[in-house]
Amino acid sequence: MREPLLASADFDPAEDAGARDGAARSERRRFVLLDDTGFDEVPAKYRRFYRRWRGPGDVLAENEVLCPVCRVVIRSARELRPGDRVYCMPCMSRLEVVRGEAGRLEAIVRY
Amino acid sequence: MTLEAGELHERDHEGFLSEVHSFEFWFQSVEGYLHGHPHGVSPSTPFPELAPDRRAALVATLSTYCVGELTALEGASGMIGFAPNRATKIFLATQVADEARHLEVLLHRLAELGVEDAEAGFEARANRHLMAFRERLLAYVVEKDWLAALFAQNVILEAMEFAAFQTHLRTADARTAELLGGVLKDERRHIGFGENALGRHLASHPDDRRRLREVRQSLEPLVFATFEDAALQVGLPAAERPEIARLYLDSVARLGLGT
């Protein structure tokens, strides 16, 4: 038995798949930033948004990006994507998330 | 204005800058890592025994750091008088407090190492290239040349200090490493302030890049000579020496002041 939608002359399977992909893309993972990362360089209420970078072997999570100015890891309560804006409070920088040449998310300064 | 934490990154830029340039932000930030650390060191951190040659090298290195901190103290305090707006004056006032603390804890560490009258002798023991850099920077301050002074102090000098301290604390004794770790946390603010303030200015005054490139070219021989001497003094392997200047070179490139 055919699905009712497939019976419709207007139905386009490719368009439907694209719509599903688009919906999936728009749903971002949320993160609860309750853990104490030990970062003590900003007022207490903001400390959960930052953690120390552990060097080149450090793996960044989907909600993290490295500040190119002061090398602190910035954390967000949501998955980060290219075009997002984040703030590095320890060095007072406004940053934009971009996709780097290696395919990883990076941050560039937006003065 | 102090804002609630919420999702910090959704704030507007103006509100963010207003908060991070405030004295209140500074006070709450430094409280986190300075409280309970007289002279920048935890009371439980032991006093290490240093071999005579290692002690002599450390005294020379700390004396050079004292010159850097004294320069920044005098530079930042002088710049308050001709800074372009209130927020910048307030930020510089917090930097003056930081630099004064740095000088004080470094002199205290020299005294711990047995240096008599550390304050009277540190300039004579310091790196001659940094002494020459100091003269140039303070001349910009006397001339009230805001752009050159900000670039020389908060981009070049602060990047030199940040790189030197970060490298040194990897091999330093426990008390010196802890002291330098606390100073580094302050330097993050100073570096970021300098690059961002210059970046915002250059976005609306792109022609000023030519002037800052001239400043860069005139100071760079002193900068690299200081980096080289600092790398030798803290025993950095030759292969790692180019890394010590990377922070400075990256900042210059982001500002569009590269060659």
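Colleague: What makes β5(A) and β6(A) a pair?

Modeller: In this predicted model, five bridges join β5(A) to β6(A), which run antiparallel. Two strands pair if at least two bridges are found between them, so these strands qualify. Within this pairing, Val97(A) stands opposite Ala107(A). The hairpin of β5(A) and β6(A) has five residues between the strands, and Gly103(A) takes a positive phi near 90° there.

Colleague: How do you know that β4(A) pairs with β5(A)?

Modeller: The cut-off is again at least two bridges. β4(A) and β5(A) have four bridges in the antiparallel sense, so they pair as well. Tyr87(A), for instance, has Arg94(A) in β5(A) as its bridge partner.

Colleague: Why are β4 and β6 of chain A said to stand at the edges?

Modeller: The open sheet of three strands has the order β4-β5-β6 in chain A. β4 (85–88) and β6 (105–109) each have a single partner strand, so one side of each lacks a neighbour in the sheet. Neighbouring strands of this sheet are turned by 40° against each other on average, direction ignored.

Colleague: Why is α7(B) called largely enclosed by the rest of the structure?

Modeller: A residue is buried when its relative accessible area is under 20%. Of the 23 residues of α7(B), 22 are buried, so the helix is largely enclosed.

Colleague: How does the reach of α7 in chain B compare with the expected value?

Modeller: From first C-alpha to last, α7 (residues 146–168) reaches 31 Å, close to the 33 Å expected at 1.5 Å a residue. α7(B) also bends by about 30° at Glu158(B).

Technical notes. Residues are numbered from 1 along each chain as its sequence is written. Chains are lettered from A and ligands numbered from 1 in the order in which they are written. This is a predicted model: local features need pLDDT of at least 70, side-chain atom pairs count only at pLDDT 80 or more; totals for chains, interfaces and linings use all residues. Side-chain values use heavy atoms; hydrogens and water are left out. The expected span of a helix is 1.5 Å times one less than its number of residues. The bend at a residue is the angle between axes fitted to the seven residues ending there and the seven starting there. Buried means under 20% relative accessible area, exposed over 50%, partly exposed in between (1.4 Å probe, protein chains only). Axes are lines fitted to C-alpha atoms, for helices over the stretch in contact, and angles run from 0 to 180 degrees between N-to-C directions.
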